[in-house]
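Biologist: I should like to learn how to read the features of a protein model. May we begin with a single residue and proceed from there?

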Amino acid sequence: MPELIAPTVRLHDSWLESLQEWGSGVHQDGAGLHSDDDVESAEGFAAWVEWLCQQNDPTIPLPAGRVPTDYWWIVDGETYLGAITLRHELNDFLLEQGGHIGYGVRPTARRRGLATWALGEVLQRARQAGLTRVLITCDGDNEASARTIERHGGRLEDVRAVDGDRAVRRYWVDLV
């Protein structure tokens, strides 16, 4: 049975297995992973997990360009299946192409409804956090993600070209 949990060092091995599935240098939506993060070593992974968990701590100042963010991992027991993120506000970049919610499911765990389930859970949490409307985006050619967003009431606002020729679909979901 899947569940959403806070990032934890306990799942380092399973998380690394997922990283291998994604492939080197592939962006994982919702994971909060940056190319310079050291996630291979136990120490580096622990520091990265701590950083993820601090992103919505009001006592810790955020770096420029960052917004308060909750990170959750989609897990089944001790198996890491993916990640989902709730950003509590939008900056210019997020309004253009990132949105309030980002998610990704590891390749071997896809086509099981995990993204649909996790998005439903996080939309409830967004509602509880006082958000009344959220922006969710996906790549223009990601039909599976578009269907997931639409299942939760996402209304397509537009498709925009960003970063040159990459298309991004922008959906709004009303939470009231």
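This is a predicted model: local features need pLDDT of at least 70, side-chain atom pairs count only at pLDDT 80 or more; totals for chains, interfaces and linings use all residues.

Biologist: Is Ser18 buried or exposed?

Modeller: Ser18 has a relative accessible area of 1%. Buried means under 20%, so Ser18 is buried.

Biologist: Which residues does Ser18 touch, not counting residues up to four places away in sequence?

Modeller: Ser18 touches Tyr80 and Arg106 on that count.

Biologist: Where does Gln28 lie, and is Gln28 buried or exposed?

Modeller: Gln28 lies in the loop between α1 and α2, the latter being residues 42-54. With a relative accessible area of 5%, Gln28 is buried. Not counting residues up to four places away in sequence, Gln28 touches Leu19, Trp22, Leu33 and Tyr80. Tyr80 is also touched by Ser18.

Biologist: What separation is there between the C-alpha atoms of Gln28 and Val105?

Modeller: Their C-alpha atoms are separated by 8.3 Å, and the two residues are 77 residues apart along the chain.

Biologist: Let us turn to helices. How are two packed helices described?

Modeller: One gives the angle between their axes and the distance between the axes. Here, helix α4 (residues 114-128) and helix α5 (residues 143-151) pack at an angle of about 40°, with their axes 9 Å apart. The two helices are therefore oblique to each other, and their crossing is right-handed.

Biologist: Which residues of α4 and α5 meet?

Modeller: From α4 come Ala115, Thr116 and Leu119, and from α5 come Thr148, Ile149 and Arg151. By class, this contact has 3 nonpolar, 2 polar and 1 charged residues.

Biologist: What span should α4 have, and what is the distance between its end C-alpha atoms?

Modeller: At 1.5 Å a residue, the 15 residues of α4 should span 21 Å. The end C-alpha atoms of α4 are 21 Å apart, which agrees.

Biologist: Which residues in α4 are buried?

Modeller: An α-helix has 3.6 residues a turn, so residues three or four places apart point the same way. In α4, the buried residues are Leu114, Ala115, Ala118, Leu119, Gly120, Val122, Leu123 and Ala126.

Biologist: How should I read the backbone angle phi?

Modeller: Most residues other than glycine have a negative phi. In this model, Arg111 has a positive phi of about 70° although it is not a glycine. Arg111 is placed in the loop between β4 (101-105) and α4, and it is exposed, with a relative accessible area of 85%.

Biologist: Where is Asp163 placed, and what is its phi?

Modeller: Asp163 is in the loop between β6 (155-162) and β7 (166-174). Its phi is near 45°, a positive value in a residue other than glycine. Asp163 is exposed, with a relative accessible area of 58%.

Biologist: What residue follows α4, and what is its phi?

Modeller: Gly130 follows α4, and its phi is positive, near 95°.

Conventions. Residues are numbered from 1 along each chain as its sequence is written. Side-chain values use heavy atoms; hydrogens and water are left out. Axes are lines fitted to C-alpha atoms, for helices over the stretch in contact, and angles run from 0 to 180 degrees between N-to-C directions. Helices (H or I, at least four residues) and strands (E, at least two) are DSSP runs, numbered from the N terminus. Angles under 35 degrees count as roughly parallel, over 145 as roughly antiparallel, 65 to 115 as roughly perpendicular and the rest as oblique. A crossing is left-handed if the near helix is turned anticlockwise from the far one by less than a right angle, and right-handed if clockwise. Contact means heavy atoms within 4.5 Å. Ala, Val, Leu, Ile, Met, Phe, Trp, Tyr, Cys and Pro count as nonpolar, Asp, Glu, Lys and Arg as charged, and the others, Gly among them, as polar. The expected span of a helix is 1.5 Å times one less than its number of residues. Buried means under 20% relative accessible area, exposed over 50%, partly exposed in between (1.4 Å probe, protein chains only).
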